[in-house]
Amino acid sequence: VTEEPKSFAELIGPHLPQLYRLAYRLTGTVADAEDLLQDVLVKLYERRSELVSIDSLGIWASRVLRNRFVDQARRYARRRMESLTDRAELEPATAVDATPVAAGFDIRRVRAAIDHLSAEHREVLLLHDAEEYKLFEIQQITGTPVGTLKSRLHRARARLRELLGGDGTF
Amino acid sequence: MTCNRIATDLDAFLDGDLSRAAAEVLERHLAGCAPCQATLRRAQALCATVRAQSVPGPSEGFFERALAEATKPRPRGRQSARIVAAGFLGAFAATILTVIITGLWVGAPRSRVSDATPEVAMSLHETKTVNLVFAAKNALGDVVMSVELPPGVELAGHAAARSVEWKTQLSAGNNVLPLALVAVDGRGGKLVARLKHGDEEKVFVVDLKVGQQNRQGVTL
């Protein structure tokens with residue numbers, strides 16, 4: 001029986017759910033999130049000798065994933081638009097089938113409004129408000145200073161409130 | 001404090017970023033201003049709705065498949081050499097069991113190769129990573145490696161590949177070839193790995209048993 005050092009799978013495995021969620025938040029579809037994460041795992045495996053010495057492997061891997069997403073942002077943005085088009089056909093924005101939640105906000109309408117935010121606003125809003133990353137963690141992932149992220153987050157929320165209008169519909 | 005100021009400080013208040021003094025001023029204003037109370041409640045509700053945006057899970061078995069794909073042997077180019085020369089690939093949680101089978105390449109200082117055929121127990125449709133570890137005394141270039149699979153056992157994610165062959169190099173010391181295998185029926189059989197270097201050939205055979213209890217750390 002051979003005593004193994006920590007393997008790639010043992011090192012990165014515990015972070016896969018978090019990386020998948022990040023990939024989904026960035027790309028907006030399961031298929032693209034899986035493609036992106038698969039792609040990143042291949043890259044990480046090529047650098048596996050570095051992994052054992054990285055302190056915050058989850059955040060570090062998140063940054064690798066986010067950079068990979070940015071490298072291919074045009075491709076994913078096109079697919080996101082296609083996905084939005086498909087969703088619009090499947091879920092027409094009528095108030096009839098809306099599912100109200102607190103204070104009249106409908107979860108699907110909010111999602112539709114989030115999809116119409118700029119990529120920068122959507123990213124910081126989803127990472128901070130949905131995934132509950134701290135701003136300093138988002139700084140580590142994106143390389144954007146905390147001050148910039150904070151003002152971007154506030155603008156994103158303001159834009160979202162504006163998109164949703166006074167009655168909470170979009 | 002004015003209602004306009006509320007709009008400016010609202011997000012900082014929601015995030016707990018206001019100073020204690022500024023928060024107390026805002027709270028005093030809120031206590032006497034119904035429209036601002038409504039604005040705050042609405043902002044809080046919107047944040048809660050954003051937080052409630054769900055993430056659908058990945059397709060079944062995705063993490064295991066993705067790891068197997070990321071760590072599979074790559075038959076062409078620089079990638080394959082790096083895989084073979086790299087360190088161990090191990091188990092992912094409890095779903096991939098790693099079995100170490102060590103053979104010694106010719107030229108090793110002391111041969112410990114056994115003629116016995118190692119057995120690897122597999123469960124049907126469960127990905128198992130088998131690490132073939134080849135020890136070489138010296139680095140060897142132009143090594144041709146091939147792997148032949150028995151019927152009913154596939155390389156994870158590459159169902160059509162019954163055998164693969166590629167040229168690689170061995171580093172001095174342990175060289176690991178991780179194979180992510182899936183048994184698609186109960187037949188099992190013998191996996192044959194061959195290493196050829198010039199006129200020399202070394203053949204390693206692993207007996208894959210399907211449906212038996214797993215064993216860890218089988219070493220020749």
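Reader: Which strands of chain B form an open sheet, and in what order?

Author: Good place to start! In general, strands of a sheet pair through backbone hydrogen bonds, either parallel or antiparallel. Here, in a predicted model, five strands of chain B form an open sheet in the order β2-β9-β8-β4-β6, with mixed pairing. Strands (E, at least two residues) and helices (H or I, at least four) are DSSP runs numbered from the N terminus, and two strands pair if DSSP finds at least two bridges between them. β2 (119-122) and β6 (163-170) of chain B each have a single partner strand, so they stand at the edges with one side left without a neighbour in the sheet.

Author: Before we go on, a word on conventions: the model is predicted, local features need pLDDT of at least 70 and side-chain atom pairs pLDDT 80 or more, while totals for chains, interfaces and linings use all residues. Residues are numbered from 1 along each chain as its sequence is written, chains are lettered from A and ligands numbered from 1 in the order in which they are written, and side-chain values use heavy atoms, without hydrogens and water.

Reader: How many bridges join β4 to β8 in chain B?

Author: Five bridges join β4 (residues 140-148) to β8 (residues 189-197) of chain B, and the two strands run antiparallel. To find your way along them, look at M145(B), which stands opposite L195(B) in β8(B).

Reader: How many aromatic pairs are there over all chains?

Author: The idea is that rings of Phe, Tyr and Trp (its six-membered ring) pair if their centres lie within 6.5 Å; planes under 30 degrees apart count as stacked, over 60 as edge-to-face and the rest as tilted. A search of the whole structure finds three such pairs over all chains. In one of them, F8(A) and Y45(A) have ring centres 5.0 Å apart and planes at 80°, so the pair is edge-to-face. F8(A) lies in helix α1 (residues 8-12) and Y45(A) in helix α3 (residues 30-46) of chain A, so the pair ties together parts 37 residues apart in sequence.

Reader: Are F8(A) and Y45(A) buried or exposed?

Author: Buried means under 20% relative accessible area, exposed over 50%, and partly exposed in between (1.4 Å probe, protein chains only). Both F8(A) and Y45(A) are buried.

Reader: Which helices hold Y20(A) and F63(B)?

Author: Y20(A) lies in helix α2 (residues 16-27) of chain A and F63(B) in helix α4 (residues 62-71) of chain B, so their pair joins two chains.
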